[in-house]
Amino acid sequence: MCEIDQTTKTIINAYNNVTDSRTQTQILSLIVNSFTKAELQKLIPGVSLFKIDSARKHALVTGPGHIINKPKVYRMKLSKPKLTHFIEFIMNPLYSSVVGFGQTVLKLSSNEKIPIPKVIRNLIHARIISIYQSFCKEYDFETFSRASLYQILKVCHASKQRALQGLDNITAAGMNSIDMLSKLVQKLETFGMSQPVSKSLTDIIQLINQFLKYEYKSHLNRLDGCTDHCITMALSDPTEPKFSASCNHNHERQCEKCAMVESCLDMINEKINQIEIPTTILEEMKFEMEMAEKHLMEWKKHLLRTVHQESARRNILKSLTSKQALVIMDWAMKFLPFQYRETQSEFFGKKGFSWHISCVITSSKENELDLQCYIHILENGTQGWFSVANILVNLLDQLKTVNPDIDELFLKSDNAACYHCTNLLSFIQQNNAIFPILIKEYNFSEAQSGKDLCDSKTGTSRLHIYKYANEGHNVVSSADMKIALDSHGISMLNNFTFGGEAITARKAYEVGEGLMIKTSTDPHLSMECVYKMKTTQIVGGKDGDIEDFPFMADIQRRDSRNEPWYLWDLNNLRIRAGFDDISARNKQIRTIRRAVRHPRFGMDETVQYDNNIAVIKLRTPLKFGPKCKSISYTTIKGIRGLKNCQISGWGYIDRNKTESPDTLQFAGTSLLSNAKCNELASPKVPENQICAYDYKNRRQACNGDAGGPLTCKRRGKRVLIGVFSWLYDYCHAEKPFAYSSLAYYTTFIEKVTGIKGIPSKYSKYGMYEEY
């Protein structure tokens, strides 16, 4: 170790006795340049290289040992009234809009990140602050400094709106007309218009653009003395007294910026007529001018109508009583089926589900507003007035059940054809007297506006569905969507306390008061279903009539019905047909002459029950009648085009395989593609087998149903598709079960029996056709 003097020792002791990092840097800077880094680390155990570099920088910039005071941080207290005033201003639909697609992430001070629907801000921050300061000056309201307003906007994050086509088509067309006018001025300059005039017109066009985008909506008022700002005068129909109203003030004031719009258009038209332009180009320019003028004025009218129609909602909310409700309705963007594990072929060609959002705003006796959201999902319905009428009737019933005090309702929606039509309005008027809640008004907003609340709830609901799907669930039907929307997402919750009517959930043990989750009664979770596992059906089915299933037959041992049987034990087997109840006496009983098993049965050990099919021949033919008939089998492979599929049999009706029915059981079931089936369970289902799965209704074949039929309707005719082959360990409907597909064994069946399946051919349109 290098030798040090007494002064250095004192400095090192002082360094070790100080805990403040800034002070340590100041002390270390006194000796930092007298030693190497390695020597300093030996002299002062624990000193980092970063600390040494900081001390050398301090000595170089400010001098060794120079004291630097900690910089002062000035904070301004934001008063809640002023802050609320500014936030309400920037959240006005004129400047911000919530969309029903996309998301952004809100980061809390606790570093927790919460996905929220995307908010799009129509203006840049500088323009918003300028408009807000002008607004406050006009109403003599004292607000924050410009810098503080910038900081608030930075915290209130929102996306900047650039492309308008998907949000507001009329505004987008109006802005395109601005570009078209600018190009027309450039063409006029090419054909001889002076450069100063061209520059002046270009500057005016840009001023018009800024005015209509940012200022015009804030100028509109019912009592304004300017003809372009007075809403009452602008929206009155001079040809129809019933649709017009008179103003109680004069219209003597002129708005320079509003007058600038018309004067600019007149100037451009005048220059087009004055300057010599080739005829073909002149006609093209006149057409472009006509379209630009049309879209620009439509934009201006659209802005006025948007502001005015929005006042209907504000006025209703101001006077809303505890016995009234405001309902804002909108169709959400269609939801595409979503799978947790999805192949590329399943990703394309999806058909979306229509879902309708109804935001219900009510008021308490203390004048506090409350918001509830009702979602109606249509799996096969269309977005027409008939669907809206049915949704409205159901919504009224639900509202009356939840809040019996509500007597009157105000409706609001956009002017889509499914809402803004004679049929729906006539339906409401005709049935209003018998509705559980009286519909007092129906107000339509301007095109593509006034539904920001529904868009917000759509975005929130969509994120909730995706969160549910990302926890390992598939959302491929309307029922799945409802389950996803009702879910609470418990994967992040770890501690649960059970109460009388609800469960208290926490993310961490004894941290926070917890989330109260109310539960409903599910009959499938009763003691009888869960513990005893008993039903009265095929495992989810019901009693069947043999005349509906005349193709059913039962293979039994002669000595005992419940003992297992084997096809090679022919002398001890018998066939029974023409009955649905075991105790019936009029059933047909036959013995077996011959049984032929598929020659490749069980040859592939990697496949579960490979080629599991056999054909039997009776000693005496059955007599056909109403209770005993044959059924045709199909030769068409795959499950496309199959409808109303059913399974049937006399197998066990409980999952513990302890109880057999006396009556024939049947149940409907669903078919899955083998790719989807293999994602749900293992072992895999091969190509020559069909996968059945009906977890929702707890329907499944069980032991004793082996060899039983899987029948479906194809083009209205019921045909035999497969025979029951195997199932997983227990008769649990949580897993699929497999049937041998007869379409893969047509050669075997025809060779042994001579019976052919339903003949089919392949049409030129790529569809199977049956003779």
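Which hand does the disulfide of cysteine 677 and cysteine 691 have, right or left? The torsion about its S-S bond is about 70°, so this disulfide is right-handed. Cysteine 677 sits in helix α19 (residues 674-680) and cysteine 691 in strand β20 (residues 689-692), so the bond ties together parts that are 14 residues apart in sequence.

A quick word on the model: it is predicted, so local features need pLDDT of at least 70 and side-chain atom pairs count only at pLDDT 80 or more, while totals for chains, interfaces and linings use all residues. Residues are numbered from 1 along each chain as its sequence is written, and side-chain values use heavy atoms, with hydrogens and water left out.

**Cysteines**

Searching the whole structure turns up two disulfides, a disulfide being a pair of cysteine sulfur atoms within 2.5 Å. In the pair we started with, the sulfurs of cysteine 677 and cysteine 691 are 2.0 Å apart. Both cysteine 677 and cysteine 691 are buried, where buried means under 20% relative accessible area, exposed over 50%, and partly exposed in between (1.4 Å probe, protein chains only).

The other bond joins cysteine 645 to cysteine 712, with 2.1 Å from S to S. This pair links distant parts of the chain, with cysteine 645 in strand β17 and cysteine 712 in strand β21 (residues 709-714), 67 residues apart. Its S-S torsion is about 110°, so this disulfide is right-handed too. Cysteine 645 is buried at 8% relative accessible area, and cysteine 712 is buried at 0%. Helices (H or I, at least four residues) and strands (E, at least two) are DSSP runs, numbered from the N terminus.

What about cysteine 255? Its closest cysteine sulfur, in cysteine 258, is 3.6 Å away, which is too far for a bond. For cysteine 421, the closest cysteine sulfur belongs to cysteine 418, and at 7.4 Å that is also too far. Cysteine 255 is buried at 9% relative accessibility, as is cysteine 421 at 16%.

**Salt bridges**

The count comes to seven salt bridges, taking a salt bridge as a side-chain nitrogen of Lys or Arg within 4 Å of a carboxyl oxygen of Asp or Glu. Here are some of them:

| Pair | Closest N to O |
|---|---|
| Lysine 187 and glutamate 288 | 3.5 Å |
| Aspartate 203 and lysine 199 | 3.2 Å |

Lysine 187 is partly exposed at 27% relative accessible area, whereas glutamate 288 is buried at 19%. Aspartate 203 and lysine 199 are four residues apart in helix α9 (residues 195-219), so about one helical turn separates them. Aspartate 203 is partly exposed, with a relative accessible area of 37%, and lysine 199 is partly exposed at 47%.

Most residues other than glycine have a negative phi. Asparagine 611 has a positive phi, near 55°, and it lies in the loop between β15 and β16 (614-618). Asparagine 611 is buried, at 9% relative accessible area. Asparagine 644 has a positive phi as well, near 50°; this residue is in strand β17 (residues 643-649) and is partly exposed at 45% relative accessibility.
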